[in-house]
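User: I would like to learn how to read a protein structure. Please take me through one, feature by feature.

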Amino acid sequence: MKWEGNRESDNVEDRRGDGGGGGGGGGFSFGGGSLSIGGVVIALILSFVFGINPLTLLGGMEGGAPPQQQATGPKATANDTETRFMKTVLADTEDTWAALFSAQGAQYQPPTLVLFTGRTSTACGTGQSSTGPFYCPADRKVYIDLAFYRLMKERFHVSGEFAQAYVIAHEVGHHVQHLLGVSDQVHQAQQSASETEGNALSVRLELQADCFAGVWAFHANRSRQILEQGDVEAALSAATAIGDDALQRQAQGHVVPDSFTHGTSAQRTRWFRTGLESGDVAQCDTFKARQL
């Protein structure tokens, strides 16, 4: 992926080294099964792109108490290659979505990307590394512990900068859904839905975020020629690795379709490719699609 020399975003908050390290202990449930601390590796991938507040699902709200706010004074971010890459990808999503919103007579309000280690305070509760990358609509921030990328490589053999960019673009896709009011409508509908129906709505929400990530890639490449040989394949490999069916098969040996919340590997790759090949937000209406 070509990114060196491109604009870097200022909307990055670096909390690494703030003393919030150390994950929580104990186990938590997923899809009706219990995962012990030894299953955190699987759980982190399972919770990847629980972009709309996974903390309530994983028990990260700490009894529902309001999150304790951290000091938010100015703090310079690190200038290592990994950090500069994150800031550049975020800037690229900002430029892409600002142009797309402007074309529709609207103004894009970018999210803040928070880099942390271990655990950190959010407006959605206490964020932990074990929840994976996520988006909190209450503070309009994307949270990520960069150790997640190393886990992707070591556990699922998914690597490459564009695969990492896909992760960020997906979470930014949830921010776009929030700005458009899509996520609020879904959450409202889930209040009166059965568990199976609620999961089905969650799948459509996640697949749309995958499609939005593809839309970003289409426009970013057309404007700035960011893609290199093998980049698309790397992103598709990432989408395949975190499909509900693939993850459940690895975690428990079988799949339970009614418990899917993100979509199968085939669905995730299909919708990412839809956005990537069309560059058209209108093509990402997963809620009207008869077949996912």
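User: Among contacts in the protein chain with a separation of 6 or more, what percentage is accounted for by residues 24 or more positions apart?

Analyst: This is a predicted model, in which local features need pLDDT of at least 70 and side-chain atom pairs pLDDT 80 or more, while totals for chains, interfaces and linings use all residues. Residues are numbered from 1 along each chain as its sequence is written, and side-chain values use heavy atoms, leaving out hydrogens and water. A contact means heavy atoms within 4.5 Å. Here, the share is 76%.

User: How many helices and strands does the protein chain have?

Analyst: Helices (H or I, at least four residues) and strands (E, at least two) are DSSP runs, numbered from the N terminus. The protein chain has nine helices and eight strands.

User: What is the largest nonpolar core, and which residues have the most contacts inside it?

Analyst: A nonpolar core is a set of buried Ala, Val, Leu, Ile, Met, Phe, Trp, Tyr and Cys residues joined through side-chain atoms within 4.5 Å. Buried means under 20% relative accessible area, exposed over 50%, and partly exposed in between, with a 1.4 Å probe and protein chains only. The largest core here has 52 residues, and M86, W97, Y149, F162 and W216 have the most contacts inside it. Among the elements giving it two or more residues are helix 2 (81-103), helix 3 (147-156) and helix 6 (195-224). Leaving aside residues up to four places away in sequence, Y149 touches M86, I144, Q164, V167 and I168.

User: Which residues of helix 3 are buried?

Analyst: An α-helix has 3.6 residues a turn, so residues three or four places apart point the same way. In helix 3, F148, Y149, L151, M152 and F156 are buried. Seen down the axis, these buried residues of helix 3 fall within an arc of 160 degrees (taken from the directions from the helix axis to the C-beta atoms), so they line one face. On the other side of helix 3, K153 and E154 are exposed.

User: At what angle do the axes of helix 4 and helix 5 cross?

Analyst: Axes are lines fitted to C-alpha atoms, for helices over the stretch in contact, and angles run from 0 to 180 degrees between N-to-C directions. The axes of helix 4 and helix 5 (residues 182-191) cross at roughly 80 degrees and come within 4 Å. The two helices are therefore roughly perpendicular (65 to 115 degrees). Q177, H178 and L180 in helix 4 meet V182, S183 and D184 in helix 5.

Technical notes: Angles under 35 degrees count as roughly parallel, over 145 as roughly antiparallel, 65 to 115 as roughly perpendicular and the rest as oblique.
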